[in-house]
Amino acid sequence: MSERAAPFFCPYCGDEDLRPSEAGHGAWECHGCRRAFQLKFLGLLSPTNGAPTGGASTNGAPTGGASTNGGGQGDRHDH
């Protein structure tokens, strides 16, 4: 598989009328809300802290660092 997968929905308005942009690789235009955006792979998530591995710079973007403990009721030890 040599081509990247295309996004199905606009991340801003959810519209499906997306077209590749001339701005460069990974750039898309939404003709529903008239926004242009670019998709970029940052790296793989670390199993310990949720941060991208491989030295990828996030440029201040959220990393999705949610807790990995599951947040279930079994985490409490009330003795």
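Strands here (E, at least two residues) are DSSP runs numbered from the N terminus, as are helices (H or I, at least four). Before going on, please keep in mind that this is a predicted model, in which local features need pLDDT of at least 70 and side-chain atom pairs count only at pLDDT 80 or more, while totals for chains, interfaces and linings use all residues. Residues are numbered from 1 along each chain as its sequence is written, and side-chain values use heavy atoms, with hydrogens and water left out.

Let us look at the strands. The chain has three strands and zero helices, so from the N terminus on its elements read β-β-β. E2 and E3 run antiparallel and are joined by three bridges; two strands pair if DSSP finds at least two bridges between them. Glu29 stands opposite Ala36 in E3. Leu18 has Cys30 in E2 as its bridge partner. E1 and E2 form a hairpin too, with six residues between them, and Gly24 in this turn has a positive phi of about 145°.

Now for the interior. Of the 79 residues in the chain, 15% count as buried, meaning under 20% relative accessible area, with over 50% called exposed and anything in between partly exposed (1.4 Å probe, protein chains only). In soluble globular proteins, nonpolar side chains tend to be buried together. Which residues make up the largest nonpolar core? The five are Cys10, Leu18, Trp28, Cys30 and Phe37; such a core is a set of buried Ala, Val, Leu, Ile, Met, Phe, Trp, Tyr and Cys residues joined through side-chain atoms within 4.5 Å. Leaving aside residues up to four places away in sequence, Trp28 touches several others, among them Leu18, Arg35 and Phe37, where a contact means heavy atoms within 4.5 Å.

Phe37 also takes part in an aromatic pair, and the count of such pairs comes to one. The ring centres of Tyr12 and Phe37 lie 6.3 Å apart with planes at 65°, so the pair is edge-to-face. By the rule used, rings of Phe, Tyr and Trp (its six-membered ring) pair if their centres lie within 6.5 Å, and planes under 30 degrees apart count as stacked, over 60 as edge-to-face and the rest as tilted. Because Tyr12 lies in the segment before strand E1 (18-20) and Phe37 in strand E3, the pair ties together parts 25 residues apart in sequence. Are these two partners buried or exposed? Tyr12, at 52% relative accessibility, counts as exposed, whereas Phe37, at 7%, counts as buried.

Finally, Ser46 sits in the segment after strand E3 (36-38). Ser46 counts as buried because its relative accessibility is 16%.
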